[in-house]
Amino acid sequence: MKGTGWAKREAYSREDAERRHQLVDAARKVFLRRGYRLTTIADIADKAGVSRATFYVYFASKMDVFVVVAESVRAEFLAAQDISDLDPDDVHLVLTITTERALDAVVRNHTLIALLDHEAISHTDVKRIWGGIREGIIERTARYLADSASRGLVNLQAAPQTIARMGLGSVEAFALPVVDGRLERMRAVEEIVSLYLPLVGLYASRDRLTEEVDAPLNAPARTQPPPRQVQAPRGST
């Protein structure tokens, strides 16, 4: 009997998770089509094929489900900033790969990000939520840069938060021409990283940028080669 009870509970849990996902997916589609202000709970329920009463089982308000939709973008950015598969001491590699992943996240979500930016202009709750997500992304990058500087890996030419803000802004700016097909993805990553490097006191050839962008994301971590030693002319002291 006990086993049967657990089986029923797990079945209900799976059903709840599926229904909640169904509502979030429907809400995302309706928000993208109508915007936040014009979307109603009835619109979301109709799109999901459920009643308004069912909607309220899972969410207390339209803002509640909108937060979940917005958080999906945050989750993708956090995944893009995950460097557990990289050598954290190779700042150049970390900046290249995380820039590539962040660009992919923006390209995948460019329509939703545009909606969030637009709604944040006139809706204080949306501004607070989206602003908090963006600042969290910036702060995480800034912490990595500050830690790298404290260990002598980089020589920051500006405050970590300023550099991180520039990085996110550059990713968003370069994403649009990538979406439109006016700029190749690899070239966009190269250009963004080339903006990053002087600000962290690093310089590298375009050959290395291309090599790192082309590398598979699960490739073994690589370290920067040691500086080339310049031999002094004979007879010098």
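Which residues in helix 5 meet helix 9, and which residues in helix 9 do they meet? I started my notebook with this one. On the helix 5 side I listed His92, Leu95, Thr96, Thr99, Glu100, Leu103 and Asp104. On the helix 9 side I listed Arg185, Ala188, Val189, Ile192, Val193, Tyr196 and Leu197. I sorted the residues of this contact by class and got eight nonpolar, three polar and three charged. I note here that the model is a predicted one.

**Entry: the whole protein**

I looked up the secondary structure and found ten helices and zero strands. Read along the sequence, the pattern is α-α-α-α-α-α-α-α-α-α. The protein has 237 residues, and buried residues make up 39% of them. I then looked up the surface, and the protein exposes about 13500 Å².

**Entry: how helix 5 packs on helix 9**

I went back to the pair I began with. Two packed helices are described by the angle between their axes and the distance between the axes. Helix 9 covers residues 185–199, and helix 5 packs with it at an angle of about 135°. The axes of the two helices are 9 Å apart. Helix 5 and helix 9 are therefore oblique to each other. I also looked up the handedness, and helix 5 passes helix 9 in a right-handed crossing.

**Entry: helix 4 with helix 5**

Next I looked up helix 4, residues 62–80, beside helix 5, residues 91–108. Their axes come within 8 Å and cross at roughly 160°. Angles over 145 degrees count as roughly antiparallel, so helix 4 is roughly antiparallel to helix 5. The crossing of helix 4 past helix 5 is right-handed. From helix 4, the contact uses Glu76, Phe77 and Ala80. From helix 5, the contact uses Thr98, Arg101, Ala102, Ala105, Val106 and Arg108. I sorted the residues of this contact too, and they divide into five nonpolar, one polar and three charged.

**Entry: helix 6 with helix 7**

Helix 6 is residues 110–122 and helix 7 is residues 124–150. I found that their axes come within 6 Å and cross at roughly 130°. Helix 6 and helix 7 are therefore oblique to each other. Helix 6 passes helix 7 in a left-handed crossing. Which residues make the contact? Helix 6 gives Ile113, Leu116, Asp117, Glu119, Ala120 and Ser122. Helix 7 gives Thr124, Val126, Lys127 and Trp130. By class, I have five nonpolar, two polar and three charged residues in this contact.

**Entry: Leu32**

I turned to single residues. Leu32 is in helix 1, which covers residues 2–38. Is Leu32 buried, partly exposed or exposed? Its relative accessibility is 33%, so Leu32 counts as partly exposed. Leaving out residues up to four places away in sequence, I found that Leu32 touches Thr111, Leu112 and Leu115. Leu32 and Thr111 are 79 residues apart along the chain, and their C-alpha atoms are separated by 7.2 Å.

**Entry: Thr54**

I located Thr54 in helix 3, residues 52–58. Which residues does Thr54 touch, not counting those up to four places away in sequence? I wrote down Arg19 and Leu23. Leu23 is 31 residues from Thr54 in sequence and 9.5 Å from Thr54 in space, C-alpha to C-alpha.

**Entry: Gly169**

Gly169 lies in helix 8, which I have as residues 160–180. Its relative accessibility is 31%, so Gly169 counts as partly exposed. I looked up its distance to Ile192, a residue already listed in the contact of helix 5 with helix 9. Gly169 and Ile192 are 23 residues apart in sequence, and their C-alpha atoms are 9.8 Å apart in space.

**Entry: helix 2 and what follows**

Last, I checked helix 2, residues 41–48. Which of its residues are buried? I listed Ile41, Asp43, Ile44, Ala45 and Ala48. Gly49 follows helix 2, and its phi is positive, near 75°.

Methods. Residues numbered from 1 in each chain as written. Predicted model: local features only at pLDDT ≥ 70, side-chain atom pairs only at ≥ 80, totals over all residues. Heavy atoms only, no water. Axes fitted to C-alpha atoms, helices over the stretch in contact; angles between N-to-C directions. Helix = DSSP H or I, 4+ residues; strand = E, 2+ residues; numbered from the N terminus. Parallel < 35°, antiparallel > 145°, perpendicular 65-115°, else oblique. Left-handed = near helix turned anticlockwise from the far one by under 90°. Contact = heavy atoms within 4.5 Å. Nonpolar A, V, L, I, M, F, W, Y, C, P; charged D, E, K, R; others polar. Buried < 20%, exposed > 50% of the residue type's maximum accessible area, 1.4 Å probe, protein only. Areas by Shrake-Rupley, 256 points an atom, 1.4 Å probe, with all protein chains shown as cover.
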